Amino acid sequence: MRFSEVIGQQSVKERLRASIRENRVAHTQLFLGPEGAGAFPLAIAFAQYLNCTHKQDGDSCGTCPSCVKYQKFAHPDLHFIFPTTTNEKVKKHPASELFQEEWLDFVQKKEGYITESEWYEKLGVGNKQGAIYARDANEIVRLIGFKPYEAAYKVVVIFQAEKLNASASNKLLKSFEEPPGHTLLILVAERYELIIPTVRSRAQLVKIPKLKDEAVMDALQKKFSTELTPEKMAEIAATSQGNWNLALQLTEETDDSKYNFLKFREWMRLCFRGNDYLSLHSLIQELSRLGREKQKRFLKYGLQVMHNSLLVNGGQNIATVAGADEKDYLRKFAPFVNEANRKAMYALLNEAVYHVERNAHPGILFADLSFKLSALMRLGKQQK
Ligand SMILES: [Zn+2]
């Protein structure tokens with residue numbers, strides 16, 4: 001990553017540039033900042049700049065042999081250590097070394113803006129907490145024992161340094177204190193108080209503040225100008241609390257709500273008609289491919305439609321619905337949700353959310369749901 005690809009943080013970038021310009025790069029540094037502020041991308045941009053052979057205008061060139069590899073987070077002198085835990089693939093003795101492929105894919109897809117919980121999601125371990133173990137510490141000691149392969153500096157980035165367990169920390173104290181001259185160790189962390197004191201006292205602190213709203217707004221404009229209105233982007237920037245990961249999540253939810261409305265309407269129409277199997281089959285396939293989180297939001301949207309239908313039937317206002325076409329749809333759909341079927345429809349959708357969370361086969365789940373909902377819609381029609 002180049003500094004220009006890192007959102008905002010101008011004064012941190014300037015401080016990092018100055019440390020190189022003035023030849024006072026500390027060998028062990030702690031990049032400390034809240035989630036979504038960019039501590040990890042800043043660490044990468046700093047290391048890339050340090051190793052770039054054609055630095056220009058205070059940034060790395062992005063095109064020299066070193067930069068080309070750094071841009072992909074894959075340089076033979078760039079190493080990553082991060083929390084791990086057992087999962088489907090690694091059933092015992094987890095260590096960073098065993099997850100390099102997953103890690104690289106993760107960091108590339110997230111363009112450097114990574115969070116600990118997203119990493120666990122990638123590992124498929126839900127909320128299970130990981131750690132950085134003594135064997136990871138041994139690996140760090142081994143790595144920095146070698147001279148750089150081709151770059152000026154061998155760089156080791158330790159993501160979530162809070163997760164260094166006690167024995168790992170102890171093994172690393174000497175390395176943190178006096179790493180070999182060709183080494184840069186960057187610890188990335190969110191919570192200072194959770195890092196073992198003997199570790200944090202050995203690292204030079206680089207404090208990274210949360211992003212300013214304007215910086216989030218700028219980044220949203222660069223990425224979503226064709227998809228989101230300026231008003232929506234301003235709203236997201238204001239509610240993101242300076243957290244780019246949260247801002248991205250909010251844009252996805254915005255995308256979702258329109259999608260959910262259109263697809264739910266289509267789904268219910270196909271269930272109701274009950275004779276266009278081909279279209280229903282292709283919609284089921286599409287829903288099956290959405291991914292677990294989106295499927296959950298889609299089903300929860302369905303629950304919301306059920307709830308709103310009851311409000312419409314009771315002659316009440318539905319304030320939560322934004323679009324006119326959505327209101328119009330609800331007015332037409334609501335009469336079919338009535339005494340004959342409402343409880344069963346609620347229960348079905350709720351149960352589906354439960355099963356999606358537990359990795360049910362999505363194709364079977366949506367097919368089964370479609371047939372049951374079709375039957376219930378017919379009951380509702382008779383009652384209407
Ligand atoms: Zn370069």
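**Figure 1. Secondary structure and overall extent of the predicted chain.** The secondary structure comprises 16 helices and five strands, where helices (H or I, at least four residues) and strands (E, at least two) are DSSP runs numbered from the N terminus. The model is predicted, and local features need pLDDT of at least 70, side-chain atom pairs count only at pLDDT 80 or more, and totals for chains, interfaces and linings use all residues. Residues are numbered from 1 along each chain as its sequence is written. Taken along the principal axes, the C-alpha atoms fill a box of roughly 80 × 45 × 40 Å. Of the 384 residues of the chain, 38% count as buried; a residue is buried if 20 or more other C-beta atoms lie within 10 Å of its own, exposed if 12 or fewer, and partly exposed in between, with C-beta atoms placed from the backbone.

**Figure 2. Domains 1 and 2 of the chain.** The chain is divided into domain 1 (3-210), domain 2 (213-242) and domain 3 (250-383), with bounds that come from an automatic or database domain assignment. The C-alpha centres of domain 1 and domain 2 lie 28 Å apart. Their contact takes four residues from domain 1 and four residues from domain 2, two residues being in contact if their C-beta atoms, placed from the backbone, lie within 7 Å. On the side of domain 1 that touches domain 2, the residues divide into two nonpolar, one polar and one charged; Ala, Val, Leu, Ile, Met, Phe, Trp, Tyr, Cys and Pro count as nonpolar, Asp, Glu, Lys and Arg as charged, and the others, Gly among them, as polar.

**Figure 3. The largest nonpolar core and the surroundings of Val-188.** A nonpolar core is a set of buried Ala, Val, Leu, Ile, Met, Phe, Trp, Tyr and Cys residues joined through C-beta atoms within 7 Å. The largest has 74 residues, of which Phe-31, Ala-43, Ile-158, Ile-186, Leu-187 and Val-188 touch the most other members. Helix H2 (residues 39-51) gives the most to this core, with ten residues, and the core draws at least three residues from each of domain 1 (3-210) and domain 2 (213-242). When its neighbours within four places in sequence are left aside, Val-188 is in contact with Phe-31, Ala-39, Phe-40, Ala-43, Val-157, Ile-158, Phe-159, Gln-160 and Ala-161. Apart from this core lies another, of 24 residues, among them Met-268, Phe-336, Leu-349 and Leu-376.

**Figure 4. Packing of helices H15 and H16.** The axes of helix H15 (residues 342-357) and helix H16 (residues 362-383) come within 10 Å and cross at roughly 175 degrees, which makes H15 roughly antiparallel to H16. Axes are lines fitted to C-alpha atoms, for helices over the stretch in contact, and angles run from 0 to 180 degrees between N-to-C directions; those under 35 degrees count as roughly parallel, over 145 as roughly antiparallel, 65 to 115 as roughly perpendicular and the rest as oblique. From H15, Ala-344, Met-345, Leu-348, Ala-352, His-355 and Val-356 meet Leu-365, Leu-369, Lys-372, Leu-373 and Leu-376 in H16. By class, this contact of H15 with H16 has nine nonpolar, one polar and one charged residues.

**Figure 5. Two loop residues with positive phi.** His-93, in the loop between strand E2 (78-81) and helix H4 (100-109), has a phi near 50 degrees, a positive value in a residue other than glycine. His-93 is exposed, with 10 other C-beta atoms within 10 Å. Glu-111, placed in the loop between H4 and helix H5 (116-123), also has a positive phi, of about 50 degrees, although it is not a glycine.
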